[in-house]
Structure formats: structure tokens, C-alpha cells
Amino acid sequence: MQPEKGMIVRLVSFIPPAGGDVRSGVLLGDTIIDLATAAPLVSEDIVDAPWDMLTLLSGSHPDVTLATAADIVQAVVSLMGSEEPMNEPSTSFSWHDGLVIGEDALVVPVSQVRLVSPLPRVVSLREFDAFVDDQAAALRQAAGYWIGDRRHPAFRFAAHTAIYGPDESVELPASAPLDCGMALGCVIGQTGRDISPAEADAYIAGYLLANAWTIRDPLLAALRPRDVATSLGPWLVTADELEYYRDDDGRLLLTLRLLINGQEVSRYHTGRMRFSFAELIAFASQDTWLQPGEIILSGVAAGGCLLDIQGDSGPWLRDGDEVIIECPELGQLRSPVGWFAGSDY
């Protein structure tokens, strides 16, 4: 089920201040509404419902839907005494104290939680090459790396179990140098097969930033298609929220920036995308089923990796580097890189 316009802006997954399991919430300014804790404001019948992000997006539970989440948000906002809060800029909200059910806070400051990947359990990860122009394609092909068909959509599967969230450290691999990859992803929100391009947008639950980490060794890359890691986040923006940024062909008109150690090294305008996400979804669903929780990646943007910027001899990412992908509408995906003993989480 798709939300009505303006109902939900940014969905997040987070670990609460006291620790414990990952929870789902709605981000408003610098505050998160905890959906599971606030659910009794709407109905006592959904107190024990599974409020994880995959259930929320798929609607597999009759009471855990984007529409119900919007009702919860409105109920919390009403308690805060604002008459028309959803029409105000999200940056105007700052609710930090005093709103609880029992001992559980309905709203928590972002600064007190740990954001994780908006979709912690990714069902599958299909990576297209729709952000690649002819110059970048020729460079990547000459260096021995995969590119798709220039005339038609083409994808490869990436490791959907190696998912990192915002601010989560990415360890340098021992086998080969590491490169970043600025990309955009859409999350499938409902089951579908043989979907037409005209119908495909209705299957998109939302969009998020992605960093497609890649080892820079042509032989290893051929033998092990992108299984290092993918960073996602910091939040999931529902599809309706970005309708204003779509052109007549259905392409999003957003600007992505890649920064390394605080310096901008690349930017990409998504209006240059060779195929729209609707076309990618239609291709991916031919003769097979797409399920809620699958992610369709644009592929690495032209100029969005060190290979494109510096050539196939590097230099590549080093211990202590910080990679940031940002977009005003989608947030900032920050990733420290280095030699670490395991994950932050």
C-alpha cells in the first residue's frame, strides 16, 4: 500500500538509547517517533504487532502498514499540540521530553539512538548500470570491470547479506584495494511479476542512498561479483515525497555528491539516468516475482567511484578515510573506512 501524499516523509531503523532490538520509526527534524511504542495511540489491538521495516513496507500484517504508521504520526503530533504539523518544514520539529507510555518514550532525539540501515533485512539486491555514461562505461570496460548492455537494462546480483548502515565502519578487505560507489536505490514495497513500466512506480515503497563498495582487482571482481558490502541510508524517503522531483519520463531530478575526507570529488544529477526506475523494475520482474524488501540499485554513477576519477591504478581508499554520499532530499550517508576488528554493531 502506498501512502497518500504528505503522510510520511522519512522512515528509519534504529537501536534505542537503552540498546536492544532494531526498531522502526518516522523521522521529523531531529526527533524519531517510535512506531511500536506509539502504536497504542491508534489501537490497543496492534500493541504486539511486528513493527519491523520489512513488515511495515510489505503490509503482510493487516495493521502494520504505511497508512497505520501515518495515523500514529498524526496521533503523536496531535498530542504535541500542533494543529497542522505535517504542513510545517520537518526541520521545525524538536520534541525531546515528556511524551511517554508507561516508561517508554514515544519520541527520542536522533542524537541518542544509533541509526542502522533503513532496511536491515534486505531480501535481494539487484544492481543495474543505469547511471553510467558512455565515457565511464568505456573506462570501466577497458579496466576489466562489468558493464551492462548500453541499449537495454542489465543487472547483476550483489551480496544482500553484507549490508551496512549510516556511520557504520567499513573494513578494508585483505584481498584487494577498496573503492566506493555513489548510487541510488529504490525499495520494492509489494509483490509483483511481469510488471509493466506504466505500473512499476506503484511498486516502489521509497528511495535511499547507497554506497556500492567494490574491490579493485579485475580478476577477483569477475570471480566474485560485488560481495564486499553495500551501505544504505540514512533513511528511506517514501516515493510520494519525491513526486515533485520527477520529470515527464519518470526520472528523479536529484543531485548526488561524493565527498572523501570532507572534499567533494564528484557530483551526479540523476536526470541523466539512462533508464528510469520503472523501466528497471519492469525488466527485473520479467518472468519472475519481485518481493517486498528487494532493492533495485541504479549502479554506480558516472564519476562516482575512484576508478572513474583517478583511473585503474588508484590510489584507492586508505585506513582512516571517510566517504560521504549526500543528497539534500535523501540525507547524508557517512562511512568511515579502515582496518577494524569487526563491525560497529
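**View 1. The exposed side of helix 4.** The face of helix 4 that points away from its buried side carries Asp134, Gln135 and Ala142, which are exposed. Here "exposed" means over 50% relative accessible area, "buried" means under 20%, and "partly exposed" is in between (1.4 Å probe, protein chains only). Helices (H or I, at least four residues) and strands (E, at least two) are DSSP runs, numbered from the N terminus. A quick heads-up: this is a predicted model, where local features need pLDDT of at least 70, side-chain atom pairs count only at pLDDT 80 or more, and totals for chains, interfaces and linings use all residues. Residues are numbered from 1 along each chain as its sequence is written, and side-chain values use heavy atoms, with hydrogens and water left out.

**View 2. The buried side of helix 4.** Now look at Ala136, Ala137 and Arg140, the buried residues in helix 4 (residues 134–142). They sit on the same side of helix 4 because they cover an arc of only 100 degrees around the axis, going by the directions from the helix axis to the C-beta atoms. Helix 8 (306–310) is included in what covers the buried residues of helix 4. After helix 4 comes glycine 144, with a positive phi near 95 degrees.

**View 3. The loop between helix 8 and strand 21.** Serine 313 has its place in the loop between helix 8 and strand 21 (322–327). Is serine 313 buried or exposed? With a relative accessible area of 61%, serine 313 is exposed. Proline 315 is in the loop between helix 8 and strand 21 too, and the peptide bond from glycine 314 to proline 315 is cis, with omega near 10 degrees.

View 4. Proline 234 lies in strand 16 (residues 229–238). The peptide bond from glycine 233 to proline 234 is cis, and its omega is near 0 degrees. Most peptide bonds are trans.

**View 5. Two aspartates with positive phi.** Most residues other than glycine have a negative phi. Aspartate 167 has a positive phi, near 70 degrees, and its place is in the loop between strand 10 (163–164) and strand 11 (170–171). Aspartate 167 counts as partly exposed, at 39% relative accessibility. Aspartate 194 has a positive phi as well, near 50 degrees. You'll find aspartate 194 in the loop between strand 14 (192–193) and helix 5 (197–200), partly exposed with a relative accessible area of 45%.

How values were computed: Contact = heavy atoms within 4.5 Å.
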